[in-house]
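Open the structure in your viewer and keep the selection tool at hand. The tour moves from one selection to the next and says what is there.

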Amino acid sequence: MQSKAQTTQDYINELPADRKEVIQKLQQVITKNLPIGFQESMGYGMMGYCVPHDIYPSGYHCNPKDPLPFMGLASQKNFVAFYHMGIYADQKLHDWFVEEYGKRCKYKLDMGKSCVRFKKMDDIPYDLIGELVQKISVEDWIKTYESAFKK
């Protein structure tokens with residue numbers, strides 16, 4: 001479900017109360033742990049965290065007018081989605097996350113290539129998300145992105 005909100009606060013304001021609380025808490029965890037250089041914005045109808053053009057002028061290879069995406073956060077119909085391109089592009093990081101998730105959560109991990117779906121709002125590993133966010137700097141993400149996606 002893509003939002004037409006222009007700002008992250010507008011996005012949060014349009015959410016139902018139960019989702020608003022979860023998204024706000026995830027936003028706080030992300031921004032608290034976000035390495036310097038990443039920027040919060042709206043993109044693709046969801047909250048996003050990207051490398052802005054002033055740091056990476058080439059932008060996203062699929063659409064160079066867009067900044068280089070890194071993470072996303074969205075309230076979908078049946079779950080809250082957290083997108084992290086690092087766990088898609090870096091197998092070692094992916095394996096670490098999967099292992100740690102299993103240690104910290106009572107429910108099975110529901111994950112796509114870069115998307116972690118949280119269906120049980122009471123079992124979101126906020127501390128693990130914070131640790132994951134810290135693991136890749138802007139410089140590291142640009143190197144990983146260029147080696148994995150931009151050939």
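Select Y145 first. This is a predicted model, and in it Y145 has 1% relative accessibility, so Y145 counts as buried, the cut-off being under 20%.

Show the two rings. Stacked would need under 30 degrees, and edge-to-face over 60.

Next, pick F38 and F70. These two rings are stacked, with 4.6 Å from centre to centre and 15° between the planes. The pair links distant parts of the chain, since the two residues are 32 residues apart. F38 sits in the loop between α2 (17-33) and β1 (39-43). F70 belongs to strand β3, residues 68-75. Both F38 and F70 are buried.

Ring pairs link F38, Y56, F70, W141 and Y145 into a cluster.

Go back to the loop between α2 and β1, and select L34 there. Is L34 buried or exposed? L34 has a relative accessible area of 17%, which is under the 20% cut-off, so L34 is buried. Show what surrounds the residue. Leaving out residues up to four places away in sequence, L34 touches Y49, M71 and V133.

Next stop: the nonpolar core. The largest one has 44 residues. Which residues have the most contacts inside it? They are I30, F82, F97 and I129. Select F97 and show its contacts. Beyond residues up to four places away in sequence, F97 touches I87, L109, M111, V116, L128, I129 and L132. One of these partners, I129, is itself among the residues with the most contacts in the core.

Two lysines come next. Select K120 with Y107. The charged end of K120 sits over the ring of Y107, 5.2 Å from its centre. Then select K135 with W96. K135 lies over the face of W96, at 4.4 Å from the ring centre.

The chain has six helices and five strands. From the N terminus on, the elements run α-α-β-β-β-β-α-α-β-α-α. Along the principal axes, the C-alpha atoms fill a box of roughly 40 × 35 × 25 Å. For 151 residues, a compact globule would have a radius of gyration near 15 Å, and the chain agrees, because its own value is 15 Å.

The accessible surface comes to about 8300 Å², and 49% of it belongs to carbon and sulfur atoms. Buried residues make up 46% of the 151 residues.

Key. Residues numbered from 1 in each chain as written. Predicted model: local features only at pLDDT ≥ 70, side-chain atom pairs only at ≥ 80, totals over all residues. Heavy atoms only, no water. Core = buried A, V, L, I, M, F, W, Y, C linked by side-chain atoms within 4.5 Å. Buried < 20%, exposed > 50% of the residue type's maximum accessible area, 1.4 Å probe, protein only. Contact = heavy atoms within 4.5 Å. Phe/Tyr/Trp six-rings, centres within 6.5 Å; stacked < 30°, edge-to-face > 60°. Helix = DSSP H or I, 4+ residues; strand = E, 2+ residues; numbered from the N terminus. Lys NZ or Arg CZ within 6 Å of the ring centre and 35° of its normal. Rg over C-alpha atoms; globule rule 2.2 N^0.38 Å. Areas by Shrake-Rupley, 256 points an atom, 1.4 Å probe, with all protein chains shown as cover.
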